[in-house]
Amino acid sequence: MKRLFRNKSLLLIVLVATVYGLGSCEKFLSERISKNSSLPLTTTDQLTALMENYSVFYSDENQSWMGTDDYGLNAKTYDNKRGNFTFMPNIFRAFWDVDFAPVTTSGDVLWASSGGEWRDIFYANAVLNNLDKVTGGSVEDKARLKADAHMLRCYAYWQLANTYCLPYTEANKGEMGLPSKKLTSFEEDLTRQSLEKTYNDIEADLKEALKIAKPLVSGGRPEHWRSNTAAVNGFAARYYLNRNNYAEALKYANLALNEYNVLVDYNKPAEMYYGTSATYTVTGAPSFTLQLPYTHNNQTNLIDMIGWKEFLYFRMQNFGSWFYLPSTELINLYDKANDRRYEFHIVENYSYYFGSNTPTNGLPGYIFFFKDKIPSGPTTAEMYLIKAECLARTGDMAGALSTVNTLRAKRIKPGASVNLTAANQAEALTKILQERRREMPFVQRWYDLRRFNNNSDPADDVVVTKQFYPITFAGPDVSQPIKTYTLEKNSRRYALPIHNNELIAGRGTLLQNKY
Amino acid sequence: MAFDKWGAQTNAGNIVSNSGWTWTPGQNALNEHKLGFITLGRRDAMLDSLKGLNNREQISDLLLSNPVSKQYNINLFSATERMSNAFSFMFEENQSNFKETYNKRFLANYRTLANVTKWLDFSLNTTLQHNANTNNGSSLAEIQSLAPYEMLQNANGSYTGTTLKYYTPAIERSVPRNLFPYTDWSYNPAREINTRSQVSRDYNARMQAGITIKPIKGVSFESSIQYEYFLTQNRSLYDTNSFVVRNTINQNAFWNPGLPAAMTTAPILNLPKGQILNQSRTQSVAWNFRNIMRIDRRIGPKGDLNFVAGTEQQSRVAQTFGQPTTYGYNDATLQLGAFPNGPGGTPVNGNQNGTGVPTNLTIRNWQNQTATFGYTNSFGYTTDRFFSAFGNAAYTHDDKYTLSASVRSDGANFITNDPKYRYNPFWSAGGSWQIWKENFFKVKFVDRLTLRVTYGYNGNQDRSTSFMPLLSLSSTPNVLTNQYTASFSSLGNPTLRWEKTGTTNIGFDYSLFKGKLFGNINLYQRNGKDLLASIAIPAVNGSTSQFLNNAKMVNKGIEMELGTMMDITKDLRWRGNLNFSYNKNRITDLFIAQYNSSSLTARNTSSYAVDYNANSLWMYKYMGFNTAGQPTVLGPGSVNFDMQTFIPGDARTYLDRTGTMVAPVTLGFMNSFEYKDFNLSFIVTGNFGHVFQRRGFNYPVQWSFASRMLANKFVDEALNAKSSEMLTLPVNPTEPRFYFWDRFHSYFSYLSQSASWIRMQEVNLTYNLPKSVLKKTGFTNFRIYLQGNDLFVILANKYGEDPLYALGTLNPRPKTTVGLKFDF
């Protein structure tokens, strides 16, 4: 050894270098990659930041509304300008197709996209799976996170169940529900559970969500982009209404309204007004200016959406093709002279925007936020309508009418037409349901059709019929004669088909609905 | 004439809706007439005046430059028996193809090597570098967006206003420009390049020190450490006469175009007038510590042992610093402006009032829309750490038989809950046999022949994924909720493993006819497994695809090298080298739920398909026009689809796979001839057997924003084509989805062409001053040379398009250089 190392200090250097190199590398390699990205979940603040990320959750591209009688796509409007309707899922969903919708290239955004409901469920599960492991935060913080995540998961499951599964009835209990996803891992069983199990899960989540203590308004500002007592009560009211449990629905609607009952007054120019207009050239006529509500102004800036003061829980129905075409039946429900909702939300000749710029082929559009979004989360307006409907169905006609008229006072020009009157309970109910349709077209109608046809009252049942061309893989076959499409009361098409990509990716674990 | 046809977007010339529709002057004239703002006579006069114009010369004079590089080198070297010192300094200036875009580079290097004692060497290497990259010039994209008749200068030399930034008639008609902070709204690229200073400066330093200890013969230890500091500073200063300043200040002034009195209402400034300054910097500090032991000993009478083992540690910390934009800046006095009405943001209670007047916290721009101004810094901080340990042993017996083995373990700071996972051992083993040394091998013309065989595994890891979900934090609170947010950057991959590639290699090295022919032959097969690929997973998991270790790929190939060195005559010597390689690639395993046409035609990793070459070019099959006058594309089940929607179904069944985009065969041929003091050399390269998509007609669409209807040079091809063979212009007067054609028209299989090429890469003629003359001058070396690069290329496609440089991109012009080089 002495021969090998003539100098002891050199020996030391070599040894230290080698030992340092080998011994400390565990610590050396545990340095995190970045300070602000690629972070493992370790703190309560991180979980809170996840739940604060409303931009992931607020927009839902649910296509089920296209199948309702609110949607005005039919052979006549299609022929008006076919270029307006080239989004294939749009056509497939409008006529309850189950053959081509699952193979369309556009996929299914609600089920399978980075903004889809399963992604929301992933966020909720990430919070719930890590809540006991993370450091920091008070007991209250963690309790709020827990209720918040349960609400997020509950809302997502409810929306998925009401889109891809049959209505939940005694007879349908054994039908296919949804996979039960409780972990962020990819290894979980994806078999579709029974509808009963899925609804038990939803109710269990709702029960946890109802434990929330955080009120809607904090420091004078409604914080509706996260869960709060009014949001959960409001959603519970919607849930029980859809289960045709009017007593429970009424109870939760009252709880929500007791906490927060602010409505936007469409009669006040400071609250509802026209924003930036748009001018279009019209073939053979003077140019035409579309008057659009101020809510149309901002496409990407959510300032007006967040500022919409009727929200209890901030959610939007999104439609990427930008054209909510109201059916004639829906248009005719409005009192065109007095209903401010017609004035602001139904934009006549909206199709000029798409280049349908001859005066004969102008089609109206329903415009709420920009061209693509309509509020779909629980709102005060929805609470008034649930309350009125439940009162009407349970025999309190006067209470029902006064409740719905509270809402109408903020929507109809002052005068004799504000107050609805009815000779009997059935008439009151009919008028309240019409009001509901006027107030929340495109967002609640699909769920309403499902419950109307499955409650004990046959008077509200709806069979939807539409006139259109036969549909093929490549779209409408306009060379064939127009035919009638019918959605029967208990059609199995009330459960939308799941996209084939999902079934293939599931490699046999996920099954398609039966038709 | 395509104006206003085929589902074109119509332009109402409205200041709010259409101000950003940057159409060409020709489109503008047609549209203004249609809207009734100008007469037919005026329109035709405007079009006529444009007809005779051509801006080619002005573009060349005002925006383009000859690319020139200049380089100066100084090298100093001194050496004694125990120590050597070398110093070099380099200065380089590069002018780009664009005026006002150039860089300057300075590089200084000092190296010293000292034999401190017989058994200890010391080395030091220091490099300092400074680059100044000035990027004020225009760009190819901007020049291409000019209409060919759109002049940059008027006859009197003043700058024109182009239509590159606005629908200018609407601005002229509806904006009281004299009331705005800056009355000039025009944009001219030739003027703009002189009004800005966009410079990025690099300051780099690197230091390396090492010692080598040789305690006994055949054993050595090497230890070295390297430290690096890189700093880049970016600074963009825009003058008050730049479009950037005029436009930013004007557009962010509050004005309400909807008011009846708009034309006489002065806007309210939201940003101060003055220069605009943007600054940012990035900094990276890295070190690297390496220790190696080498043993090179004779074992027994016939054995040789060669052993190397070592460790290496690396760390790099990269930081970024972004500064908010400075408005109202004055570079002469260093004064700057404040936001007169604050930076904008959210009013606490949502709505604005109905009069269009901004409430206290919301500010609005010239279109009466909300505006916000960033006022915060931004930061980034990332750390990369690596650790490797490696060992390599080779034993040679009798100078003929060699067995070798190596192992290696690499670790990095992956995020994992099991530290063991950070390391993965890889290994290889091999042997070689020097056949020519065998007694039984007596072939006269063979000087040398060696057989080599190796087999081994190596691996790779993707640091962006992890076993567990990872998130990213927002750097500033959400502007609307005032809360920080987080999102998942990775959903986690619980089955994450290292990517592994097993390589088998068999080769021969040979030398024949006394060195007149030498080279090698290699056969290889690389089996990649557990390769990370984006795999379709059920969306129930929270994502429709995830990087999973699921793909397998095989590469097989042969590489050959053939060399020669011979004296043709006494004074003429020839050196030649021919390289040939062939590679075959196939994806053998991959799970994709649905092969969509959009992903297969994407020409990246999402076009991977099992059983096919990874670089396959998938293209649509054009099927001609149908009876409804719609062009069609082949779809699934032999059904023709019109081009109004995407095509559903398994795209493998109906797309044309025209070939692979990466050349399976490559060839390199280098030759040099020495004749007395002259040397002539040339390099020819070639790629064969692959395909590319040539440029076709661009089918310009009249659409809203930057839809300048500029047809490319293939317009005649599209006009004259048989509509059964090639997509022509629409045949229907109304074609509502003409804009959708761009999803198909550059993906048709008729555009696929052979991409093979042969290129004269370099020719060089050098004259060396003869030694006898040198002696008198004091130079040790003096040469003068003439060199040509990228002189010509032979293409297999008849369209004259170079697959390496698509039409419409900058391709290298033939370049000749004259050089002088001398050493003291």
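Helix α3 (residues 44-51) of chain A lies across β1 of chain A and across β16 and β17 of chain B, running at about 100° to β17(B). Axes are lines fitted to C-alpha atoms, for helices over the stretch in contact, and angles run from 0 to 180 degrees between N-to-C directions. Helices (H or I, at least four residues) and strands (E, at least two) are DSSP runs, numbered from the N terminus.

This is a predicted model, in which local features need pLDDT of at least 70 and side-chain atom pairs count only at pLDDT 80 or more, while totals for chains, interfaces and linings use all residues; side-chain values use heavy atoms, without hydrogens and water. Residues are numbered from 1 along each chain as its sequence is written, and chains are lettered from A and ligands numbered from 1 in the order in which they are written.

The sheet under discussion is open, with three strands in the order β1(A)-β16(B)-β17(B) and antiparallel pairing. β1 (39-40) of chain A and β17 (486-490) of chain B stand at the edges with a single partner strand each, so one side of each has no neighbour in the sheet. Two bridges join β1(A) to β16 (residues 470-473) of chain B, and two strands pair if DSSP finds at least two bridges between them. A:Leu39 stands opposite B:Leu471 in β16(B).

In chain A, helices α15 (residues 380-393) and α16 (residues 397-408) pack at about 165°, with axes 8 Å apart. They are therefore roughly antiparallel (angles over 145 degrees). The residues in contact (heavy atoms within 4.5 Å) include A:Tyr384 and A:Leu391 of α15(A) and A:Val404 and A:Leu407 of α16(A). These contact residues divide into nine nonpolar, three polar and one charged, where Ala, Val, Leu, Ile, Met, Phe, Trp, Tyr, Cys and Pro count as nonpolar, Asp, Glu, Lys and Arg as charged, and the others, Gly among them, as polar.

Some totals for chain B follow.

| Quantity, chain B | Value |
|---|---|
| Secondary structure | 11 helices and 33 strands |
| C-alpha box along the principal axes | roughly 105 × 70 × 70 Å |
| Buried residues | 44% of 824 residues |

Buried means under 20% relative accessible area (1.4 Å probe, protein chains only). In helix α2 (residues 25-34) of chain B, eight of the 10 residues are buried, so the helix is largely enclosed by the rest of the structure. Among them are B:Pro25, B:Leu30 and B:Glu32. The buried residues of α2(B) pack against α3 (40-51) and α6 (168-174) of chain B. B:Gly36, with a positive phi near 85°, follows α2(B).

Conventions:
Parallel < 35°, antiparallel > 145°, perpendicular 65-115°, else oblique. Buried < 20%, exposed > 50% of the residue type's maximum accessible area, 1.4 Å probe, protein only.
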